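Open the model in your viewer and keep the selection tool at hand. This tour goes stop by stop.

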Amino acid sequence: MAESERVPAERKRRRPTGSGVVLSADLIVDTACRLIDAQGAQAFTVRKLGAALGADPSAVYRYFRNTEDLLLAVADRLIGESMAGFTPTGDWAADLRDFGLRAYRSALRHPQIAAFSTVRVTGRPHEQRAVDTGIGLLLEAGFDEATAVRHYHVLVDTVLGHAALDAAFLRLTPAQRTADEGAWGAAYGDLSAAEYPSLDRVRDHLPLMAGSAVEAALDLLISALRASG
């Protein structure tokens with residue numbers, strides 16, 4: 001259901017707010033995204049949103065039934081951002097990889113929003129279009145309907161799982177991020193070869209674990225899909 005259909009039209013504000021701004025669902029979502037990006041979802045309130053809009057907080061409920069409704073619209077906005085400009089090339093594997101990386105990168109651009117959006121089902125237009133696109137790529141690859149749906153869930157859960165982990169890492173303090181990245185060399189580089197023989201064999205490669213593994217995970221998954229198709 002579109003956002004405009006969720007609240008009766010007669011409840012929409014047509015007059016400018018005290019600051020001269022005419023409210024709309026898009027403006028409210030834009031402003032909510034900026035506030036959450038800056039302060040985090042835990043600090044977000046409709047009172048703060050109203051202040052940022054220059055409107056009484058109650059005006060938000062002319063466009064969204066409640067805070068939950070608004071947060072789902074924010075989550076759907078990220079999905080729309082990830083799909084903006086996506087154009088299938090006809091190579092289902094390359095397109096599926098691009099599809100997954102777009103979702104991941106959108107989440108990483110908004111780690112505070114990703115903290116809650118990666119685990120939600122919005123049921124809204126952007127998500128509906130993304131699901132249709134992703135499943136369509138798998139049907140194009142030759143999978144039957146049930147298998148295409150199952151593989152779609154595996155792909156999306158893989159990408160969003162990495163996005164949630166890496167977004168959480170970005171929400172750490174700079175000092176914490178530096179310490180964690182350095183730990184792969186500092187805490188593991190000097191371990192006894194006799195006690196940790198496997199780690200000793202790969203010690204030069206352990207710093208690679210400080211980066212994201214999402215591209216490697218996608219490549220493995222798509223290779224497996226090619227082999228099973």
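What follows is a list of selections, with a note on what is there.

**Before you start**

This is a predicted model, in which local features need pLDDT of at least 70, side-chain atom pairs count only at pLDDT 80 or more, and totals for chains, interfaces and linings use all residues. Residues are numbered from 1 along each chain as its sequence is written, and side-chain values use heavy atoms, with hydrogens and water left out.

**Stop 1: the whole chain**

Helices (H or I, at least four residues) and strands (E, at least two) are DSSP runs, numbered from the N terminus. Along the sequence the pattern reads α-α-α-α-α-α-α-α-α-α.

Now colour by burial. Buried means under 20% relative accessible area, exposed means over 50%, and partly exposed lies in between (1.4 Å probe, protein chains only). Of the 229 residues in the protein chain, 38% are buried.

Next come contacts, meaning heavy atoms within 4.5 Å. Take the contacts with a separation of 6 or more: 70% of them join residues 24 or more positions apart.

**Stop 2: helix 1**

Select residues 25-39, which form helix 1. Helix 1 has 15 residues and reaches 21 Å from its first C-alpha to its last, close to the 21 Å expected at 1.5 Å a residue. The expected span is 1.5 Å times one less than the number of residues.

Show side chains. The buried residues of helix 1 are Ala-25, Ile-28, Val-29, Thr-31, Ala-32, Cys-33, Leu-35 and Ile-36. They pack against helix 2, helix 3 and helix 5. Then step past the end of helix 1 to Gly-40, whose phi is positive, near 95°.

**Stop 3: helix 2**

Which residues of helix 2 are buried? They are Val-46, Leu-49, Gly-50 and Leu-53. Seen down the axis of helix 2, these fall within an arc of 100°, so they line one face of the helix. The arc is that of the directions from the helix axis to the C-beta atoms. An α-helix has 3.6 residues a turn, so residues three or four places apart point the same way.

Turn to the other side of helix 2: Arg-47 and Ala-51 are exposed there. The cover over the buried residues of helix 2 includes helix 1 and helix 3. Just after helix 2, look at Gly-54, which takes a positive phi of about 70°.

Keep both helices in view. Axes are lines fitted to C-alpha atoms, for helices over the stretch in contact, and angles run from 0 to 180 degrees between N-to-C directions. On the helix 1 side, the contact is made by Leu-27, Ile-28, Thr-31, Ala-32, Leu-35 and Gln-39. On the helix 2 side, it is made by Lys-48, Leu-49, Ala-52 and Leu-53.

**Stop 4: helix 3 and helix 4**

Select residues 67-83 for helix 3 and residues 92-109 for helix 4. Their axes come within 8 Å and cross at roughly 130°. Helix 3 brings Leu-78, Glu-81, Ser-82 and Met-83 to the contact. Helix 4 brings Phe-99, Arg-102, Ala-103, Ser-106, Ala-107 and Arg-109.

Zoom in on Ser-106, in helix 4. At 1% relative accessibility, Ser-106 counts as buried. Not counting residues up to four places away in sequence, Ser-106 touches Leu-78, Glu-81 and Ser-82.

**Stop 5: Gln-112**

Pick Gln-112, in helix 5 (residues 111-117). Gln-112 is partly exposed, with a relative accessible area of 23%. Its C-alpha is separated by 5.1 Å from that of Gly-40, 72 residues apart along the chain. Leaving aside neighbours within four places in sequence, Gln-112 is in contact with Ile-36, Asp-37, Gly-40, Ala-41 and Arg-171.

**Stop 6: helix 10**

Finish with residues 214-228, helix 10. Its buried residues are Val-214, Ala-217, Leu-218, Leu-221, Ile-222 and Leu-225. They cover an arc of only 125° around the axis, which puts them on the same side of helix 10. On the other side, Leu-220, Arg-226 and Ala-227 are exposed. The cover over the buried residues includes helix 4, helix 6 (125-140) and helix 7 (145-170).
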